[in-house]
Amino acid sequence: MAWPVIIKSRREWEVVPHLFDYAAVRERFTWEEARRELEGLPDDRGLNIAHEAVVRHALGPKSHHVALRWISKDGRVEDYSYDLLHRLSNRFANVLRALDVEKGDRVYVLAGRIPELYIAALGTLKQGAVFCPLFSAFGPEPIRARMSIGGATALVTTEPLYQRKVAGLRNSLPDLRHVLLVGPDRRRTDLPGTLDFHRLLESASESHAIAPTDPEDRALLHFTSGTTGRPKGAIHVHKAVVAHHITGKLALDLHRDDIFWCTADPGWVTGTSYGIIAPLANGVTSIVDEGDFDAERWYRLLQDHRVTVWYTAPTAIRMLMKAGLDLPRKFDLSRLRFCASVGEPLNPEAVLWGRQAFGHPFHDNWWQTETGGIMIANFAAMDVRPGSMGKPLPGIEAAIVRKTEAGRVEVVDRPDVQGELALRPGWPSMFRGYWNEEARYQKCFAGGWYLTGDLAKRDADGYFWFVGRSDDVIKTSGHLIGPFEVESVLMEHQAVAEAGVIGKPDPVAMEIVKAFVSLKDGYEASPSLQKELLGFARTRLGAVVAPKEIAFLPSLPKTRSGKIMRRLLKARELGLPEGDLSTLEGSS
Ligand code: ATP
Ligand code: MG
């Protein structure tokens, strides 16, 4: 069967979304068939992510196609063809081999979004080692903790990051054998106790025989965002590429001549699964922007690099909304065909704003570090339901479940009933464990399901709706209230830029709903605005669900991956210990 893509001619391939009959494709889909879309290593030596992402394109007709377009902070552009990326990552794999970094060893990368990160990631996978990215803004303690959990063998970082954050930790990292440094301005460097990344790369051979890797061999170690507590190191295997490839195609609508921009940093799973692997496995051009968020810079980038498919996050979309509609109208964004969002619930307001700003709604999709790839999505081929996460991908069985009093897990068949979102294990990018935390891993499963820790509902048409994380759900006067619903209504008010909602203990109601909001530019916090917001929410939500208290904050506490940390709002409100803050934005 040709893939579920109805394409009639080469011309249409370029412009027609992957229009497919969702029900028919779900019916026919098998992961085995999805795997046959990939090449596998020659001579049946297994499956390797880097082979599918780079080698097979470098050795085929796509060899001179731009794989990565890197845009530096100051706007310089460097293009890396599939062929060049292949040769550079071969060199890096040879560097690792010469350093005795073996199959299964952990190679960490702590760097901003520079080309060396991508070369190191692919070279590590070619060598059969495990790639573990760390977010460059982490302070020394979060770096140390993650490197000791995974027992880092080698670290690739930059000289300034090394001096500020890692040099003082060397004694506490006994497994760390090699530190490879990229010098200031990506030049050479000569620091005692470290190796020079570029010098080693230049002297290594360009030819490398990829390590035979079994589909079940470990490939990636990714730490979760730490939104609900201490981050966990999720392990993914080479077979995950089957899911990265097919979800890139089906959920992100990638076509072979697309110019794709995933704004996530590879320090978070989205920036690896969809900032490195999925676009390359699909043979498209992937944009890597070294710079930080800036509304004008982003619009210019979309325009100048003729981005066709864009994958970003609610927090960025809310910041773009804050900057207003006049700004995007100054740019030619007509190339943009598909816009998607992940990471947090996307408020209906934001979905529709996409249509005003770009002519397309944002397509929300849902997944986790643990799932390795997109699980539920608003596909190009179906109507977007603003506020919904969409429908499960072909090959993914999702359900709403509940624990019975006897502790059994029961599937809730009726529509619109709230319960925990569960997935039937068995897809290729499913995590295979939390590194060194077997008990924590085992706790995620019950009754043949993987329990996601998120609460959701399914409507009669099969769309899933996010309610909140189980930890964040508010119990008030016998009702269960998901923070997302309340936050979305507050966001509809013209003054509100962001909203975070918690349950505050109350002797009568058990908990009351309390909201924290930050305001858009041009609005001032005042008792009258507070009153107006309370009234606005009550009219929309009814007295039970509406917040009883609203407080103003200049901005809400977020993880570095951009998620509102409701547990921190709550801890601060109650004067309790703040817990693990290693991923809090603005901390170090
Ligand atoms: P931790 O597990 O350490 O607390 P985290 O769950 O935030 O952190 P990630 O794996 O980065 O770490 O995030 C996955 C979570 O993000 C999901 O479980 C869900 O709560 C939220 N999420 C992701 N996408 C969406 C979405 N489209 N709608 C609603 N929530 C989403
Ligand atoms: Mg989580």
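Predicted model: local features only at pLDDT ≥ 70, side-chain atom pairs only at ≥ 80, totals over all residues.
View 1. An unreviewed UniProt entry gives residues 64–435 as "domain: AMP-dependent synthetase/ligase". Over those residues the chain is 30% helix and 23% strand.

**View 2. An open sheet of nine strands.** Follow the strands across and you get the order β2-β1-β11-β10-β12-β13-β14-β15-β16, with mixed pairing. Strands of a sheet pair through backbone hydrogen bonds, and they can do that either parallel or antiparallel. At the edges stand β2 (77–81) and β16 (391–392); each has a single partner strand, so one side of each is left without a neighbour in the sheet.

**View 3. The β1 and β2 end, with a helix lying across.** Strand β1 (residues 66–71) and β2 run antiparallel, joined by five bridges. Pick out Arg 69 and you'll find its bridge partner in β2, Asp 79. Helix α5 (residues 82–98) lies across both β1 and β2, and runs at about 80 degrees to β2. Elsewhere on the sheet, α14 packs against β12 (309–312), β13 (338–341) and β14 (362–366), its direction making about 145 degrees with that of β14.

**View 4. Where α13 meets α14.** The axes of α13 (residues 314–323) and α14 (residues 348–358) come within 10 Å and cross at roughly 60 degrees. The crossing is left-handed. On the α13 side, Ile 317, Leu 320 and Met 321 make the contact, while α14 brings Glu 349, Ala 350 and Trp 353. Sort these contact residues by type and you get five nonpolar, one charged and no polar.

Notes:
Residues numbered from 1 in each chain as written. Chains lettered and ligands numbered in written order. Heavy atoms only, no water. Axes fitted to C-alpha atoms, helices over the stretch in contact; angles between N-to-C directions. Helix = DSSP H or I, 4+ residues; strand = E, 2+ residues; numbered from the N terminus. Left-handed = near helix turned anticlockwise from the far one by under 90°. Contact = heavy atoms within 4.5 Å. Nonpolar A, V, L, I, M, F, W, Y, C, P; charged D, E, K, R; others polar. UniProt positions renumbered as here; feature names shortened; annotations may be inferred. Pairing = 2+ DSSP bridges.
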